[in-house]
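Hi everyone, thanks for coming.

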Amino acid sequence: MPSTYEPIATTSLSASTSTITFSSIPSTYTDLKFILVGKGATATNVNLRFNGDTGGNYFAAYLQGNGSAASANYQSSIDNIYLTQAINWSDTYPSFLEADIFSYAGSLQKTITASTSGDYNGSGFATKWVGRWASTSAITSLSITAPSNWAVGTTATLYGIKAA
Amino acid sequence: MANTYTLISSNTLSSSAASVTFSAIPSTYTDLVLWASHRVDVGVRVNDQLTLRFESSGANTNHSHTQLSGNGASAASSRVSSNYAITIDEGTVGPGATSNTFATSQFYIPSYTSSANKPVSIDNATETNATTAWRIGSAGLWRNASAISTIIIANNGNFVAGSSFYLYGINNS
């Protein structure tokens with residue numbers, strides 16, 4: 001049976017850190033899926049970047065709910081993709097991030113869809129994103145940064161998906 | 001070769017059923033994903049409520065959720081705390097919808113054997129050739145340190161025959 005869905009790398013934090021990076025991503029897959037279960041990003045924006053690019057090459061639209069209202073926005077020429085916008089991730093309850101990165105090794109600009117969610121029994125959020133990295137380079141590294149640290153026990157896994 | 005995405009169990013209903021239960025879920029995976037296609041027989045509405053819980057009794061109030069939804073005309077967000085189940089309002093298709101249309105749901109349950117509280121990411125869609133269609137993303141939470149060994153998906157009436165449910169285990173190594 002062909003294996004079309006393979007873990008590339010995983011990390012479970014034994015010490016808090018602000019940035020989790022997966023580097024040397026092989027170009028042998030069709031798409032990437034990134035999964036994170038985390039606590040402790042108790043600040044506003046959680047940021048996603050590729051290949052260490054800090055230029056204004058990211059574009060994104062999002063729809064976000066906080067339990068009482070929904071909001072939407074579009075951001076252009078920003079220096080990362082914000083995977084949550086002005087949302088505090090809980091120190092107590094784990095939150096979740098799922099991102100799909102399509103045709104990451106191709107020579108076209110890169111499209112990313114993402115969902116982030118965290119319910120804390122009385123507060124929380126749910127967010128849907130679509131983003132674009134305006135680069136024709138293959139994605140070889142991925143970094144996700146919390147303005148304050150990811151807590152011990154935060155787990156992140158990068159999967160590769162093969163179309164054939 | 002890694003066997004990352006493994007079917008644990010599936011159930012395609014040959015007759016209507018009030019709920020579908022996956023029990024004795026093995027603890028050998030990293031995450032769980034439940035895919036479901038469903039329609040219910042209750043009332044006359046186009047859409048109705050779907051529920052998910054991890055306790056058989058339904059008597060406790062350890063579930064909660066924050067819902068984000070859009071119906072083609074507007075977006076909204078709502079919350080239910082300390083509930084018997086995670087509820088997805090408008091999350092399934094009812095008798096008022098076009099025949100043979102079904103809702104689709106994905107429930108991603110990471111770290112389901114951990115000793116921490118359990119988050120659930122919910123992705124749900126209904127399109128029934130009606131004047132509204134629902135797209136829902138929710139954050140769910142089960143406040144319990146036990147490993148998840150049972151999943152119960154239900155509604156306000158019965159799932160109709162043809163509704164299907166697939167539970168997968170995902171390994172990250």
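Let's start with one residue, Tyr29(B): is Tyr29(B) buried or exposed? Tyr29(B) counts as buried, because it has 20 C-beta neighbours inside 10 Å, and 20 is the number you need for that label. Keep in mind that this is a predicted model.

So where does Tyr29(B) sit? You'll find it in a loop of chain B, between strand E2, residues 17-22, and strand E3, residues 31-38. Leaving aside residues up to four places away in sequence, Tyr29(B) touches Gly169(B), Ile170(B) and Asn171(B).

Chain B has an open sheet of 4 strands, in the order E2-E11-E4-E7, with antiparallel pairing. At the edges are E2 and E7, the latter being residues 86-93, and each of them pairs on one side only. From one strand to the next, the twist averages 25 degrees. Zoom in on E4, residues 47-53, and E11, residues 151-159: they pair antiparallel over 4 bridges. There, Leu52(B) stands opposite Ile153(B) in E11(B).

In soluble globular proteins, nonpolar side chains tend to be buried together. Here the largest nonpolar core has 78 residues, and Phe34(A), Leu83(A) and Ile151(B) touch the most other members. There's also a second, separate core of 5 residues, including Val93(B) and Phe102(B). As for Ile151(B), not counting residues up to four places away in sequence, its contacts are Phe22(B), Ile25(B), Leu34(B), Phe54(B) and Leu167(B).

Note on methods: Residues are numbered from 1 along each chain as its sequence is written. Chains are lettered from A and ligands numbered from 1 in the order in which they are written. This is a predicted model: local features need pLDDT of at least 70, side-chain atom pairs count only at pLDDT 80 or more; totals for chains, interfaces and linings use all residues. A nonpolar core is a set of buried Ala, Val, Leu, Ile, Met, Phe, Trp, Tyr and Cys residues joined through C-beta atoms within 7 Å. A residue is buried if 20 or more other C-beta atoms lie within 10 Å of its own, exposed if 12 or fewer, and partly exposed in between; C-beta atoms are placed from the backbone. Two residues are in contact if their C-beta atoms, placed from the backbone, lie within 7 Å. Helices (H or I, at least four residues) and strands (E, at least two) are DSSP runs, numbered from the N terminus. Two strands pair if DSSP finds at least two bridges between them. Axes are lines fitted to C-alpha atoms, for helices over the stretch in contact, and angles run from 0 to 180 degrees between N-to-C directions.
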